Amino acid sequence: MRPQVHPAFAPPLPRSFFERPTLQVARELLGCRLVRVLEPQEVPGGAEGPVVLVARLVEVEAYLGPADPASHAYRRTPRSAIMWGPPGRAYVYFSYGNHYCMNVVAEPEGVAGAVLLRAAEPLEGLEVMQKLRGTHDVRQLLRGPGRLTKALAVDRRFNGWDLTQPGPLYLAAGQPPARVATSPRIGIRRAADRPWRFFDPQSPFVSR
DNA sequence: GATGCGATTGCCT
DNA sequence: GGCAATCGCATCT
């Protein structure tokens with residue numbers, strides 16, 4: 001029996017993890033941990049010290065470059081340029097006037113690709129996530145890209161953030177799912193036939 | 001400067 | 001299951 005390592009102390013995934021084909025990165029992100037360290041003033045109602053939130057990714061979607069009509073990188077614009085940038089950075093955008101979506105940039109620099117984080121299982125900091133979301137429904141806490149960002153207090157400030165460094169927001173290794181299921185991506189109209197959604201079929205925390 | 005709409009959510013029926 | 005909310009961005013004029 002080895003001593004249990006606190007999830008928050010798992011080291012960030014290296015840049016080389018993300019510097020690979022987007023579809024491969026997407027599949028292997030399942031089971032990984034998304035770590036968010038809140039400053040006391042970021043905690044609703046306040047806190048004595050920093051609060052660590054940890055979530056296990058159970059559902060993601062791959063968005064490719066100019067060959068993918070559903071991707072923001074279908075055309076290169078000031079907003080989507082980040083998807084051509086260094087891998088392991090966050091791409092966060094505001095959607096439908098009411099929520100944020102978080103992606104992780106993949107592929108080597110110069111090649112566009114990103115993985116949308118769609119759902120996760122809460123592992124640590126459940127109470128604070130519930131406060132940030134304004135609900136006690138654990139199953140719905142991180143189910144959906146907008147809910148996930150709200151529960152982890154991720155917004156525009158993290159657009160371009162380097163997720164391979166320890167700090168307020170990073171990705172770490174975790175327990176991969178026993179199986180990985182695929183399906184078409186959700187909520188898109190163009191290229192809706194491509195099975196680039198990956199999820200843990202045994203997790204009750206996946207969306208839809 | 002104006003317009004149309006989206007990688008969604010939450011509320012209402 | 002239907003639909004309004006809400007605003008940044010891309011794409012026109």
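This is a predicted model: local features need pLDDT of at least 70, side-chain atom pairs count only at pLDDT 80 or more; totals for chains, interfaces and linings use all residues.
1. The pairing of E2 with other strands can be followed one partner at a time. With strand E1, which spans residues 33–38, E2 pairs in the antiparallel sense over six bridges, and within this pairing Leu-34 has Ala-55 of E2 as its bridge partner. With E5, the pairing is again in the antiparallel sense and runs over ten bridges; here Leu-64 stands opposite Gly-113 of E5. Strand E8, residues 197–199, runs antiparallel to E2 and is joined to it by three bridges, with Glu-59 standing opposite Phe-199.

2. Leaving aside residues up to four places away in sequence, Val-60 touches Ala-26, Leu-29, Leu-30, Val-115, Leu-116, Leu-117, Arg-118 and Phe-198.

3. Seen as a whole, chain A has four helices and eight strands, and these follow one another along the sequence in the pattern α-α-β-β-β-β-β-α-α-β-β-β. Of its 208 residues, 44% count as buried. Among the contacts in chain A with a separation of 6 or more, 63% are between residues 24 or more positions apart.

4. How does the radius of gyration of chain A stand against that of a compact globule? For 208 residues a compact globule would have a value near 17 Å, and chain A, at 16 Å, agrees with this. Taken along the principal axes, the C-alpha atoms fill a box of roughly 50 × 40 × 30 Å.

5. DNA strand B is surrounded by 21 residues, of which the closest are His-72, Leu-116, Gly-144, Gly-146 and Gly-187. Strand E4 (99–105), strand E5 (113–124) and helix H4 (145–151) are the elements that each give two or more residues to this surface. By class, the surface near DNA strand B is made up of nine nonpolar, ten polar and two charged residues.

6. Around DNA strand C lie Arg-75, Thr-77, Pro-78, Arg-79, Ser-80, Phe-94, Tyr-96, Gly-97 and Asn-98. This surface divides into three nonpolar, four polar and two charged residues.

Key: Residues are numbered from 1 along each chain as its sequence is written. Chains are lettered from A and ligands numbered from 1 in the order in which they are written. A residue is near a molecule or strand if its C-beta atom, placed from the backbone, lies within 6 Å of it. Ala, Val, Leu, Ile, Met, Phe, Trp, Tyr, Cys and Pro count as nonpolar, Asp, Glu, Lys and Arg as charged, and the others, Gly among them, as polar. The radius of gyration is taken over C-alpha atoms; the globule rule is 2.2 Å times the number of residues to the power 0.38. A residue is buried if 20 or more other C-beta atoms lie within 10 Å of its own, exposed if 12 or fewer, and partly exposed in between; C-beta atoms are placed from the backbone. Two residues are in contact if their C-beta atoms, placed from the backbone, lie within 7 Å. Two strands pair if DSSP finds at least two bridges between them.
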